[in-house]
Amino acid sequence: MLLKHTTADVADRKALTINPAKTCQPIGAMYAALGIHGCMPHSHGSQGCCAYHRSALTRHYKEPVMAGTSSFTEGASVFGGQANLLAAFNNIFSIYDPDVVAVHSTCLSETIGDDLAQITQKAIDEGKIPEGKTVIYASTPSYVGSHVTGFSNMCAAMAEQMAVEGVEVKSPTINVVPGWVEPADMREIKRLLKAMKVTSIMFPDTSDVLDAPMTGKHQFYPRGGVTLNELRDSGKSRKTYCLGSWASAAAGEALWKKSRVPFEEMSLPIGIKATDRFLAAVSKETSCPVPQSITDERGRLVDMVADMQNYLSGKRVALWGDPDQLLSLAEFLIDLDMKPVYMVSGTPGKAFMAKMEAIVGEAVPEAKYKNGERADMFLMHQWIKEEGVDLLIGNTYGKYISRDEDIPFIRAGFPIYDRAGHSYFPTVGYAGGLRLVEKILDALMDRQDRDSTEEKFELVM
Ligand code: SF4
């Protein structure tokens with residue numbers, strides 16, 4: 001028993017979080033920055049922070065993740081890290097030649113009070129940013145928020161600091177802020193839009209960056225990512241779709257304030273209903289119809305769900321991870337006639353409880369859910385000990401509960417350190433829905449096979 005100290009009695013905890021269902025802000029900022037073509041993320045803090053952020057991303061995406069660090073030592077920790085960051089700009093541009101450096105702060109630099117806007121302006125004034133090169137920055141103190149907040153802050157910084165302003169006549173292009181999803185998901189959203197003949201700018205876009213093909217040749221800056229020109233042009237687009245309120249709405253708001261591009265917050269398009277809503281909204285805005293090929297994909301997903309209903313119906317599921325993912329997954333599970341009974345997310349945000357209530361309130365009245373402080377894996381385990389579930393869906397940190405309680409477990413979300421494939425296969429769209437249903441069925445049917453008596457062990461299921 002790895003988690004033998006977890007009891008079923010849920011005590012009211014005032015201050016202690018045990019095994020949080022979140023990680024630190026700069027990891028999200030670094031992930032978002034990698035979605036800009038030719039970008040070097042830069043961590044303004046100690047080497048240890050940067051090493052942790054890089055290793056978290058490398059372990060999840062199974063790809064090398066580069067980033068600079070201001071390498072704070074005792075002096076910078078007391079007097080501030082301006083000199084370190086100015087030196088870093090010199091080194092990074094002269095040695096690694098990126099198009100853009102995306103700086104994010106850390107707990108330490110925020111506590112000292114370093115002002116990234118002021119330091120960046122000083123670097124520009126002193127000619128430390130070469131001609132044609134760009135620096136963007138985001139404030140990401142990790143003692144508030146989570147990795148999702150960091151992602152959101154860096155996406156907002158892209159819009160605020162890069163988009164053109166004052167363009168009255170908008171282009172037919174739409175912007176998509178895809179939320180914290182896998183590179184394969186970003187590619188899938190672009191594929192759907194292309195099939196509809198919609199021109200789009202996606203930012204950030206980590207496809208072909210963190211799932212770049214092996215070519216036998218090292219490429220310092222892989223071919224993927226939103227380009228600086230596209231980021232500038234995002235201010236001319238007719239509309240921005242922010243997929244996932246927590247990860248993407250801030251970028252939509254920033255672009256509205258700067259360039260008057262209207263925005264719409266939508267759920268992550270995971271599952272049938274959320275994908276329907278996204279495609280219908282884009283189709284209405286652009287007058288581009290959803291082609292038959294996509295309607296067929298939807299039909300195949302609905303067919304699979306109908307065919308396998310007896311394995312899915314009524315199964316109790318526990319979920320943890322990012323709010324945007326949990327809301328869409330819970331809605332999809334209800335469409336599968338499953339019961340999302342427990343949900344926790346360490347990412348704060350008041351809207352979570354009301355949004356989840358709107359999804360599960362009537363369909364699963366017994367559901368328990370919580371986000372923010374103390375919405376942790378310990379609480380999730382206690383709920384499961386009170387009354388068990390048939391399936392776990394979440395990041396790698398659930399494997400201890402899965403092992404202790406002997407419950408089938410599907411990896412989803414971030415981080416996934418102990419399985420592969422998540423960055424290559426989408427879970428968004430109808431194709432992603434098919435893959436999710438396949439994974440759910442595999443887990444449940446493997447369990448049925450394992451538990452069945454010899455007389456009941458079926459060849460055909
Ligand atoms: S939580 Fe703060 S101190 Fe820890 S790695 Fe993240 S930024 Fe650094």
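The following legends describe close-up views of one predicted model.

Residues are numbered from 1 along each chain as its sequence is written. Because the model is predicted, local features need pLDDT of at least 70 and side-chain atom pairs count only at pLDDT 80 or more, whereas totals for chains, interfaces and linings use all residues.

**View 1. An open sheet of 4 strands with parallel pairing.** The strand order is β2-β1-β3-β4. Strands β2 (68–69) and β4 (134–138) form the edges, each pairing on one side only. Strand β3 (residues 100–105) is joined to β4 over 5 bridges in the parallel sense, and valine 103 stands opposite tyrosine 137 of β4. Helix α6 (residues 116–125) packs on the sheet, touching β1 (39–44), β3 and β4, and its direction makes about 170° with that of β4. Helix α7 (residues 147–162) also packs on the sheet; α7 touches β3 and β4, at about 140° to the direction of β4. Helices (H or I, at least four residues) and strands (E, at least two) are DSSP runs, numbered from the N terminus; two strands pair if DSSP finds at least two bridges between them. Residues are in contact if their C-beta atoms, placed from the backbone, lie within 7 Å. Axes are lines fitted to C-alpha atoms, for helices over the stretch in contact, and angles run from 0 to 180 degrees between N-to-C directions.

**View 2. The packing of helices α11 and α14.** Two packed helices are described by the angle between their axes and the distance between the axes. For α11 (residues 272–286) and α14 (residues 323–335), the angle is about 115° and the axes are 7 Å apart. Ile272, Lys273 and Ala274 of α11 meet Ser328, Glu331, Phe332 and Asp335 of α14.

View 3. Just after α8, lysine 197 has a positive phi of about 65°.

**View 4. Strand β9, covered on both faces.** In β9 (residues 316–320), 5 of the 5 residues are buried. Arg316, Ala318 and Trp320 lie on one side, and Val317 and Leu319 on the other. Strands β9 and β10 (residues 339–345) pair in the parallel sense over 5 bridges, with valine 317 opposite proline 340.

Key:
Contact = placed C-beta atoms within 7 Å. Buried ≥ 20, exposed ≤ 12 C-beta atoms within 10 Å, placed from the backbone.
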